[in-house]
Amino acid sequence: REMFLTLLQRNLGDYIKSVSYSYLVSKDDLEMFKKIISKKSKNTYEDYWRYINRLLKDNNFILSPDRIKEYLLEQGEESPHRARQMAVALKLFIKEVVKTKEPYLAQILYSSFSIPRPRTEYKPEPLSLELLKKVFNEVQELGAKTYFLLLVETGLRTGELFSLRINQVDLKHRVIKLLKQSETKRAYITFIHEKTAKFIEEVYLPYRENYIKRHWGGV
């Protein structure tokens, strides 16, 4: 028996080791992951679901440290950003799905690879204050003018400004109460200049009232 096990270890040691560190992904695992990511935003959900399915299909639904490393390196050569997205989705899959069934193996798989950090070659030049003022003065429509002003001054994302409600803007204390908390960002308040607050109160709000009255019937 000892001689047989010694020969087995000598000739098939690496194979036995790789098999013992492999996880076969089942249909139930994918359904479980789908439920977990369904709570995220639509874009995040679609990205995670697309990338995890592609990664698993390309690897015959088997996860092992060597396979994962090699696969992510191959993807990184073609597209560093795709490799990063796949690694992020896989980390979550291992943490939320594999760990519930095989904690020890999940720890090995999770620590076997790191999330690639692609280098961004394009570095845009910061816009000068003079150019921003010029753009602001060129914009004629007051809604767009106010939007541009707040976008430049607060640093809020475009979607955050579009979904902003009037009761979130405190002109007296010059504070915008965003009170947003998500998976990727926590933003609670931002401040505006006194001239901006005055512009909103004296120029934009009267325009807004007239705009609503003019278009209310068509809404």
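This is a predicted model: local features need pLDDT of at least 70, side-chain atom pairs count only at pLDDT 80 or more; totals for chains, interfaces and linings use all residues.

User: What share of the contacts joins residues at least 24 apart?

Analyst: The share is 54%, counted among contacts between residues at least 6 apart in sequence.

User: Why is Thr-154 called buried?

Analyst: The relative accessible area of Thr-154 is 14%. Buried means under 20%. The value falls under the cut-off, so Thr-154 is buried. Thr-154 sits in helix 8, residues 142–154.

User: How do you know that the side chain of Thr-154 makes polar contacts with the backbone?

Analyst: Two distances show it. A polar atom of the Thr-154 side chain lies 2.5 Å from the backbone oxygen of Leu-150. A polar atom of that side chain also lies 3.2 Å from the backbone nitrogen of Leu-156. The cut-off for a polar contact is 3.5 Å. Both distances are within 3.5 Å, so both pairs pass on distance.

User: Which residues does Thr-154 contact, leaving aside neighbours within four places in sequence?

Analyst: They are Ile-176, Thr-190, Phe-191 and Ile-192.

User: Helix 8 also holds Val-152. Why is Val-152 called partly exposed?

Analyst: Val-152 has 38% relative accessibility.

User: What makes Phe-191 exposed?

Analyst: Its relative accessible area is 53%. Exposed means over 50%, so Phe-191 qualifies. Phe-191 belongs to strand 5.

User: Which residues make the nonpolar surface patch?

Analyst: Leu-179, Tyr-188, Ile-189 and Phe-191 make a patch of about 470 Å². Patch members need over 30% relative accessible area. Phe-191, at 53%, is over that cut-off. Strand 5, residues 186–191, gives the most to the patch, with three residues.

User: How do you know that the span of helix 3 is close to what is expected?

Analyst: Helix 3 covers residues 42–58, which is 17 residues. The expected span uses 1.5 Å times one less than the number of residues. That gives 24 Å, and helix 3 reaches 24 Å from its first C-alpha to its last.

User: Which residues of helix 3 are buried, and what covers them?

Analyst: Tyr-48, Tyr-51, Ile-52, Asn-53, Leu-55 and Leu-56 are buried. Their cover includes helix 2 (27–37), strand 2 (62–63), helix 4 (65–78) and helix 5 (80–101). In an α-helix there are 3.6 residues a turn, so residues three or four places apart point the same way.

User: Why is Arg-82 called buried?

Analyst: Arg-82 has 17% relative accessibility. Buried means under 20%, so Arg-82 counts as buried. Arg-82 lies in helix 5. Beyond four places in sequence, Arg-82 touches Tyr-51, Arg-54 and Gln-75.

User: What makes the pair of Arg-82 and Gln-75 a polar contact?

Analyst: Their side chains make the contact at 2.6 Å. The cut-off is 3.5 Å, so the distance is within it.

User: Where is Arg-174, and why is Arg-174 called partly exposed?

Analyst: Arg-174 is in the loop between strand 3 and strand 4. Its relative accessibility is 34%, between 20% and 50%, so the label is partly exposed. Phi of Arg-174 is near 55 degrees, also a positive value.

User: Why is Leu-171 called partly exposed?

Analyst: Leu-171 has a relative accessible area of 21%. Buried needs under 20%, so Leu-171 is partly exposed. Beyond four places in sequence, Leu-171 touches Ile-192, Ala-197, Ile-200, Glu-201 and Leu-205.

Conventions. Residues are numbered from 1 along each chain as its sequence is written. Side-chain values use heavy atoms; hydrogens and water are left out. Contact means heavy atoms within 4.5 Å. Buried means under 20% relative accessible area, exposed over 50%, partly exposed in between (1.4 Å probe, protein chains only). Patches are made of residues with over 30% relative accessible area and no salt bridge: like charges are joined within 9 Å, nonpolar side chains (Val, Leu, Ile, Met, Phe, Trp, Tyr) within 5 Å. Accessible areas come from the Shrake-Rupley method with a 1.4 Å probe; for residues, only the protein chains shown count as cover. A salt bridge is a side-chain nitrogen of Lys or Arg within 4 Å of a carboxyl oxygen of Asp or Glu. Helices (H or I, at least four residues) and strands (E, at least two) are DSSP runs, numbered from the N terminus. A polar contact is a pair of N or O atoms within 3.5 Å; within protein, one must be able to donate a hydrogen and the other to accept it, and residues adjacent in sequence count only if both atoms are side-chain atoms.
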